[in-house]
Amino acid sequence: MQMIKNYIYNNRIMLTMAIILILSISIIGSVAVVKADESVQYNKSFISIEIESGDTLSSIAKEYAIMGTEYDDYIQEVRNINNLSSDTIHTGCYLMIPVYEVVSSK
């Protein structure tokens with residue numbers, strides 16, 4: 001019985017890792033230049049982060065969103081990328097999040 005539980009557990013881990021890898025490859029392949037401000041251009045890329053105890057979508061937005069933009073828009077983007085139906089996230093799980101880097105400013 002324990003052997004079956006270990007087999008199921010290991011397969012879940014491998015499936016989760018495979019899904020993250022596939023999402024990473026497909027999302028990273030779609031890097032885009034975005035404008036959050038008329039005077040600044042940004043490169044958009046994606047990273048995978050592990051959710052730590054105390055993390056919320058709001059705290060993640062405060063850390064990774066572009067300064068001066070609405071956190072609600074960033075949170076909605078993270079929800080869409082990760083197919084989340086609510087703001088609930090769980091410690092130990094992984095999220096794909098957008099990261100914006102300045103390309104040029106006027």
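1. A polar contact is here a pair of N or O atoms within 3.5 Å; within protein, one must be able to donate a hydrogen and the other to accept it, and residues adjacent in sequence count only if both atoms are side-chain atoms. Such a contact, of 2.5 Å, joins the side chains of Lys-44 and Glu-77.

2. The model is predicted: local features need pLDDT of at least 70 and side-chain atom pairs count only at pLDDT 80 or more, whereas totals for chains, interfaces and linings use all residues. Residues are numbered from 1 along each chain as its sequence is written, and side-chain values use heavy atoms, with hydrogens and water left out.

3. Helices (H or I, at least four residues) and strands (E, at least two) are DSSP runs, numbered from the N terminus. On that basis the chain has 3 helices and 3 strands, and its elements run α-β-β-α-α-β from the N terminus on.

4. Burial is defined by relative accessible area: buried means under 20%, exposed over 50%, and partly exposed in between (1.4 Å probe, protein chains only). Of the 106 residues in the chain, 25% are buried. Accessible areas come from the Shrake-Rupley method with a 1.4 Å probe, and for residues only the protein chains shown count as cover. The chain exposes about 7,600 Å², of which carbon and sulfur atoms supply 56%.

5. Contact means heavy atoms within 4.5 Å. Among contacts between residues at least 6 apart in sequence, 62% join residues at least 24 apart.

6. A salt bridge is a side-chain nitrogen of Lys or Arg within 4 Å of a carboxyl oxygen of Asp or Glu. Side chains of opposite charge can pair when their charged atoms come close. The structure holds 2 salt bridges. In one of them, the closest N and O atoms of Glu-77 and Lys-44 are 2.5 Å apart. Glu-77 lies in helix 3 (residues 71–81) and Lys-44 in strand 2 (residues 40–50), so this pair ties together parts that are 33 residues apart in sequence.

7. Are the two partners of that pair buried or exposed? Both Glu-77 and Lys-44 are buried, with relative accessible areas of 18% for Glu-77 and 16% for Lys-44. Leaving aside neighbours within four places in sequence, Glu-77 is in contact with Lys-44, Pro-98 and Tyr-100.

8. A salt bridge also joins the side chains of Asp-87 and Arg-79 (3.5 Å, N to O). Asp-87 counts as partly exposed at 45% relative accessibility, whereas Arg-79 counts as buried at 18%.

9. The buried residues of helix 3 are Tyr-74, Ile-75, Glu-77, Val-78, Arg-79 and Ile-81. Just after helix 3, Asn-83 takes a positive phi of about 55°.

10. Helix 2 (residues 57–64) has Leu-57, Ile-60 and Ala-61 as its buried residues. They cover an arc of only 100° around the axis, which puts them on the same side of helix 2; the arc is that of the directions from the helix axis to the C-beta atoms. The face turned away from this buried side carries the exposed residues Lys-62 and Glu-63.

11. Ile-51 lies in the loop between strand 2 and helix 2 and counts as buried at 3% relative accessibility. Not counting residues up to four places away in sequence, Ile-51 touches Ile-89, His-90, Thr-91, Gly-92, Cys-93 and Leu-95. The C-alpha atoms of Ile-51 and Ile-89 are separated by 7.5 Å, with the two residues 38 apart along the chain.
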